[in-house]
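The sequence and the structure come before the details.

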Amino acid sequence: MSFRTGPAPGVQWPIVLRGGEGRARVRPTWNDPTIAQLTFIDSGVVPSSTSLRVWLGELRARGFASVRTGAVTDADADMLHRQGFETIQTLRLLDLSLIGWKPPPGPSVTRTRRLRVAERQLAAEVDRCAFGDRWAIDATGIDETCEATPSHRARAIEGNRSTGVELLGYAVSGRADRTGYLQRLAVHPRAQGAGIGFGLTRDSLVWMQRRRLSRAIVNTHTDNIAALSLYQRIGFRILPNGLAVMTRSLTDV
């Protein structure tokens with residue numbers, strides 16, 4: 001079987017894989033159709049080794065050459081390591097108590113506005129410029145991010161003539177029970193250092209607090225010093241356990 005072209009055309013993506021303990025959503029990654037993007041749903045539950053092996057066999061049969069996971073906990077990463085996965089990205093996990101939190105003063109930036117559904121391709125372009133092809137998400141990925149929690153808020157800051165871009169940045173926040181999640185934040189490189197990230201983060205946290213959420217959670221790449229500094233300045237603290245993104249070749253399944 002050849003793995004050069006990825007899955008056969010005509011499949012409606014994403015598909016859902018089901019195991020006894022949980023489910024996963026699968027679709028080709030936006031920039032390489034030979035890589036399966038595997039996102040664990042049902043609160044991120046990773047299935048047993050037996051179910052996982054069945055899933056990997058199905059992905060290979062569909063023409064994928066490798067698989068990449070979404071962010072998983074340290075405990076799940078240990079299990080995936082035993083199944084032949086390797087870590088390709090480590091993430092810091094941070095949290096903030098919203099009880100009594102007050103928005104800190106910061107740079108004066110253009111007010112945020114709603115990110116319209118029709119603008120998600122523009123937001124994806126900001127994402128690609130901010131994170132590069134390897135770690136960016138496309139418009140479908142933004143859709144999935146918005147759908148990951150029972151309710152969400154998608155905001156943007158418009159561009160201007162000096163930057164020459166239509167959007168300076170965007171953020172997607174979600175809430176489940178009394179916990180808020182800053183799920184995605186991207187700032188165009190032409191606007192970095194101008195307070196865009198600060199403004200979007202503060203906007204998200206104020207939205208969460210107004211809905212009486214008690215806690216906010218965010219993650220970022222271990223080496224993203226600028227993002228870590230921003231979140232800590234706003235009041236987040238780094239948690240001892242982090243997250244990992246993992247990959248595995250399917251040629252030996």
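Which residues have the most contacts inside the largest nonpolar core? They are L98, L205, Y231 and F236, in a core of 28 residues. A nonpolar core is a set of buried Ala, Val, Leu, Ile, Met, Phe, Trp, Tyr and Cys residues joined through side-chain atoms within 4.5 Å. At least two residues of this core come from each of β6 (86-97), β9, β10, α5, β11 and α6 (225-234), and α5 gives the most, with 7 residues. Helices (H or I, at least four residues) and strands (E, at least two) are DSSP runs, numbered from the N terminus.

The model is predicted: local features need pLDDT of at least 70, side-chain atom pairs count only at pLDDT 80 or more, and totals for chains, interfaces and linings use all residues. Residues are numbered from 1 along each chain as its sequence is written, and side-chain values use heavy atoms, with hydrogens and water left out.

Leaving aside residues up to four places away in sequence, L205 touches L96, L98, W101, A216, I234 and F236, where contact means heavy atoms within 4.5 Å. A second, separate core has 22 residues, including W55, L56, V67 and L250. In soluble globular proteins, nonpolar side chains tend to be buried together.

The whole structure holds 3 aromatic pairs. Rings of Phe, Tyr and Trp (its six-membered ring) pair if their centres lie within 6.5 Å; planes under 30 degrees apart count as stacked, over 60 as edge-to-face and the rest as tilted. Two of the pairs are set out below.

| Pair | Centre to centre | Angle between planes | Class |
|---|---|---|---|
| F40 and W55 | 6.5 Å | 25° | stacked |
| Y231 and F236 | 5.7 Å | 65° | edge-to-face |

F40 is buried at 9% relative accessibility, and W55 is buried at 3%. Buried means under 20% relative accessible area, exposed over 50%, and partly exposed in between (1.4 Å probe, protein chains only). Y231 and F236 are buried as well.

S66 lies in strand β4 (residues 66-69) and counts as buried, at 16% relative accessibility. Residues up to four places away in sequence aside, S66 touches T34, I35, A36, R248, S249 and L250.

Helix α3 (residues 120-135) packs against helix α4 (residues 139-147) at an angle of about 105°, with the axes 8 Å apart. Axes are lines fitted to C-alpha atoms, for helices over the stretch in contact, and angles run from 0 to 180 degrees between N-to-C directions. The two helices are therefore roughly perpendicular, a class that covers 65 to 115 degrees. R120, Q121, A123 and A124 of α3 meet A139, I142, D143 and C146 of α4.

The peptide bond from W13 to P14 is cis, with omega near 0°, and P14 is in the segment before β1 (15-18). D177 is not a glycine but has a positive phi of about 55°; D177 lies in the loop between β9 (167-176) and β10 (179-187) and is exposed, with a relative accessible area of 76%. R212, also a residue other than glycine, has a positive phi near 60°. The loop between α5 (196-210) and β11 (215-221) contains R212, which is exposed at 69% relative accessibility.

Methods
Parallel < 35°, antiparallel > 145°, perpendicular 65-115°, else oblique.
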